[in-house]
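I opened a new page for this structure. I wanted to look up its nonpolar cores and some backbone angles.

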Amino acid sequence: MATGAAPASFMSLKGRDKVLGFAKTSDFVKVSDMKRVKFHRTKIFVIKNSNPGSNIAELRPASEGSPLLGGTRTVMVGDVALGSDHPIRIQTMTTSDTKDVAATVEQVMQIADRGADIVRITVQGKREADACFEIKNTLVQKNYNIPLVADIHFAPSVALRVAECFDKIRVNPGNFADRRAQFETLEYTDDDYQKELEHIEKVFVPLVEKCKKYGRAMRIGTNHGSLSDRIMSYYGDSPRGMVESAFEFARICRKLDYHNFVFSMKASNPVIMVQAYRLLVAEMYVQGWDYPLHLGVTEAGEGEDGHMKSAIGIGTLLQDGLGDTIRVSLTEPPEEEIDPCRKLANLGMKASKLQQGVAPFEEKHRRYFDFQRRTGDLPAQKEGEEVDYRGVLHRDGSVLMSVSLDQLKTPELFYRSLAAKLVLGMPFKDLATVDSILLRELPPVEDKDARLALKRLIDVSMGVITPLSEQLIKPLRNAMVLVNLNELSTGVHKLLPEGTRLVVSVRGDEPYEELEVFKSIDATMILHDLPYSDEKTGRVQAARRLFEYLSEYSLNFPVLHHIQFPKGIPRDDLVISAGANAGGLLVDGLGDGILLEAPDQDFEFLRNTSFNLLQGCRMRNTKTEYVSCPSCGRTLFDLQVISAEIREKTLHLPGVSIAIMGCIVNGPGEMADADFGYVGGAPGKIDLYVGKTVVKRGIAMENATDALIQLIKDHGRWVDPPVEE
């Protein structure tokens, strides 16, 4: 039996005969017997409080063994079927001015030629809606029948117009019927709130009826940053508010017997995004709903940062079988989103096809719907130790790197490659310095220079890890020793000097009897290392099993995710795999760091990817965080050029988050995570924000980047860039 946790704060938990009341708390109920099944076959008949007096309840299926979790219905978007057993559909969004019919048609054709299944186009007003008819007709004449989706904000009348020609309408529950959020706390009586719901229904029903009439699909797409004041006042700026915002619209659809819709729960923070989708799915299971999911991390940014955030958020959910269509939102040309999108879709389809996993186990300690990190005990200094081991791991997440003997031949270059600071040639740790290194082969005892280079790292509390066989043959003083379970069980590790620090490598799917050895040893850290080529065992599932075992017996060893990629793996594949596999665990608070190996990849790339992964999982912050929208027809400046310019001048500000938004619709609400905001206010004009508050309006674009830097300085968050030595 697998178990999970579902928030008691869901607006209702339906039984066969009644609806349980909604409690506005952050308590949790326990969801039991979670197995795979089609939603429409799900029957829940009772929610039983298994511990009277507590807020923990247990959801029981209608019959013994009746499963709760499962697949989705089919939704038709034009001629493209998504959901159910259909492939994961790939989509992106145009960036051209929708009124420019020729440019938009050209961009849609480029996107279709690259292999997208669906294209979304922003439709902000009547002129854009009128252009949509010409866009659709022109594409059909050119034999491009790719389904088109209208992206709607604040404009119900526009949605009604464009539903006559496009295949799908995306509505944002936060601003379709509600006014733009002012971030005000509002007080509602039950009657007041009911009147608001009646207003939503009045505005929304005509669109639902038109979509039914024309056979159109719909996406009810909640964004974390654009929740209405009403929702935030009642449910908070939270995943719970996101789910309820969408469900208000879904209930209207169901009331009108309209079911050709999908849900999305997007956020720029992958951790929030994952929580929101899980809350949505858990509530759908309880309700017996079976609507497909559109997955995406909004405003993911550009380059590797954007790929990594998307891999963490989308990949995490795909690994658990959630997601029917995906979009990777990058600050790049839309056709460049297709390849990473396809790689993620392939990852999800492969996981579904292979049904990777481990032997069944009961999961009691992982938090599914809120982030609570399992923090391993950091190394403590022991009496008699010559060096300080307390720095071999970092409290916010550690980065380990595998190094070679060749790198030791040029110590200063080697230290720089680890991002260490140098003072007179001596290394010192900095904010983004590698914490420990893995050296599979030790230098010969007579190689004094190489051993001195390692000693200097050990002296500044950088761990040096080497295999047991190497340490026994040519010992390195104060090195940590890598052992496996077999070496521990046979006792060969006892040949080492007493007090030697041990690093234990495990697969995670070993019999529990083999894991028993952890109860009798003192490990400095554990490396979870499942061979990359193992297609039968799921890395995520094996790691969850390992963490469950450690938690069950209160074994608080730090665990780092060790992935050894094969030779020749493309960079994008490595980033996506690391984000989906290691990131899929770190967003659940499972893990204390990362060790990525790839034989033919650049050392700096692997180091940067490791730190990007930790930052994307909201762990260790080592550089400026950017919330950067992917651009669309609403964008009021060249987002890619401006984004690159701002990054170049501000990348050195760890702990600072900057939002770069093309227009106000993706403005203060969408940049919920940001400290400072650079937002298009009018053509050629920029508005600057601190948090969600606009502080300067109408700045000429040529002066706006400098004004942003001055704003950061005025708030005491600026430091000068480091000077190259």
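I worked from a predicted model, where local features need pLDDT of at least 70, side-chain atom pairs count only at pLDDT 80 or more, and totals for chains, interfaces and linings use all residues. Residues are numbered from 1 along each chain as its sequence is written, and side-chain values use heavy atoms, with hydrogens and water left out.

Cores. I looked up nonpolar cores, meaning sets of buried Ala, Val, Leu, Ile, Met, Phe, Trp, Tyr and Cys residues joined through side-chain atoms within 4.5 Å. Buried is under 20% relative accessible area, exposed is over 50%, and partly exposed is in between (1.4 Å probe, protein chains only). The largest core has 90 residues, and Ile169 and Phe263 are among those with the most contacts inside it. Helix H7 (residues 270-287) gives this core its largest share, 11 residues. I noted that helices (H or I, at least four residues) and strands (E, at least two) are DSSP runs, numbered from the N terminus. A second, separate core has 59 residues, including Val403 and Leu595.

Ile169. I listed its contacts (heavy atoms within 4.5 Å). Leaving out residues up to four places away in sequence, Ile169 touches, among others, Val149, Ile152, Leu207 and Met218.

Loops. I found Asp257 between helix H6 (239-255) and strand S14 (261-266). Its phi is positive, near 60°, though Asp257 is not a glycine. Asp257 is exposed, at 53% relative accessible area.

I then turned to Asn478, in the loop between helix H12 (468-473) and strand S22 (480-484). Asn478 is not a glycine, yet its phi is about 70°. Asn478 is partly exposed, at 22% relative accessibility.
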